[in-house]
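Trainee: I'd like to learn how to read a structure like this. Could you walk me through a few features, one at a time?

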Amino acid sequence: LSDGVYPFYVQQRKPFVFDVSTIIVIIVFLTFTSSFLLIIPGIRGRARLYWMLRVLFSLVVGVVIIAVQFTGDWESGWVTANTSYKSFSSAMVNADIGLHISLAGVNVTLVGKPVNQVNETISYNEHFAWSFGADYDHSYNEGLEKGLPSPILYVAEKFTTQSPCNVHRQYRISSHYASVTLWVAFCTWLISNMLFSMPVLVYGGYMILVTGAFMIISLLSFSTVRNSLMCPIHFGTTSLLTGYGGSFWLTLVIGLLCFVAGITTVALHYFNSDLLKTFFDLHEDRIEDCQEMTEVYINPQFMRNAP
């Protein structure tokens, strides 16, 4: 304490769902979408609808693959409890305590109910990184030096390397490989777009299948942490329980959609290639090319002089 007042420190204002990186990714893809919507009126007939479906689906897949790398709700949980506020203080507060796990670390939130209690505004959101190149224990020790509220330190301590819970290594490695496989999925997504722009549609279908496969593999990698016994996080008689969050389920949905799109493309290639070419605006082009090749220009003077 400094003159009976808790020391002031700059909080790590990292949102538990969105951060600056996520917003930048969304803005970039919205720019691509807006540009496409500006040129789509120039496309005639049913091809306009087909183009819109293809481009929007591709953009959704791309933005999800990148955005979930930075979101903070792969696993999350909330609990409302009456708990002690800070060390060496008998003050009790009623607050919502949240745990949000991402591929890069942990966010712990503490929001008072009401927000203003014990002459303070209780609204904390602290990020503790465990990605390669980051030192989780160092971030935790900094929190101790700053004098973070006890509930935040209690939750964050469960994920330190010295914790008896022994989940730090499992979460760190699983999250790392989940992130790597998602970047591979992004690369295969780029390749599939290039293949779909050429008359090799079946290979584009195979590549979108590979994209979906890597997205599912990333989920399997992250879900391996559920095999570890999670230490109970108790606040009095209540417990903080976590479950898969929005980013996990969104990745699953997009991965399954990639499987559906890939299987449909490959099946149409073998059973109804004309419909597939029409959807990708290749069938009409081929017909026009054939018509141009069959046109013959005859020189009348040559015909009169011919024997």
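Trainee: How many bridges join strand β2 to strand β3?

Mentor: Strands of a sheet pair through backbone hydrogen bonds, either parallel or antiparallel. In this predicted model, β2 (residues 92-101) and β3 (residues 105-117) run antiparallel and are joined by seven bridges. To find your place, look at G98, which stands opposite T109 in β3.

Trainee: Which order do the strands of the open sheet have?

Mentor: Read it as β4-β3-β2-β1-β7, five strands with antiparallel pairing. β4 (120-129) and β7 (243-244) are the edge strands, each pairing on one side only.

Trainee: Now the rings. What describes a pair of aromatic rings?

Mentor: You give the distance of the centres and the angle of the planes. There are 14 aromatic pairs here. One of them is F128 with Y136, a tilted pair at 5.9 Å centre to centre and 45° between the planes. Both F128 and Y136 are buried.

Trainee: Why is the pair of Y244 and W249 edge-to-face?

Mentor: Their planes are at 85°, and over 60 degrees counts as edge-to-face. The ring centres are 5.9 Å apart. Y244 is partly exposed at 26% relative accessible area, and W249 is partly exposed at 43%.

Note on methods
Residues numbered from 1 in each chain as written. Predicted model: local features only at pLDDT ≥ 70, side-chain atom pairs only at ≥ 80, totals over all residues. Heavy atoms only, no water. Pairing = 2+ DSSP bridges. Helix = DSSP H or I, 4+ residues; strand = E, 2+ residues; numbered from the N terminus. Phe/Tyr/Trp six-rings, centres within 6.5 Å; stacked < 30°, edge-to-face > 60°. Buried < 20%, exposed > 50% of the residue type's maximum accessible area, 1.4 Å probe, protein only.
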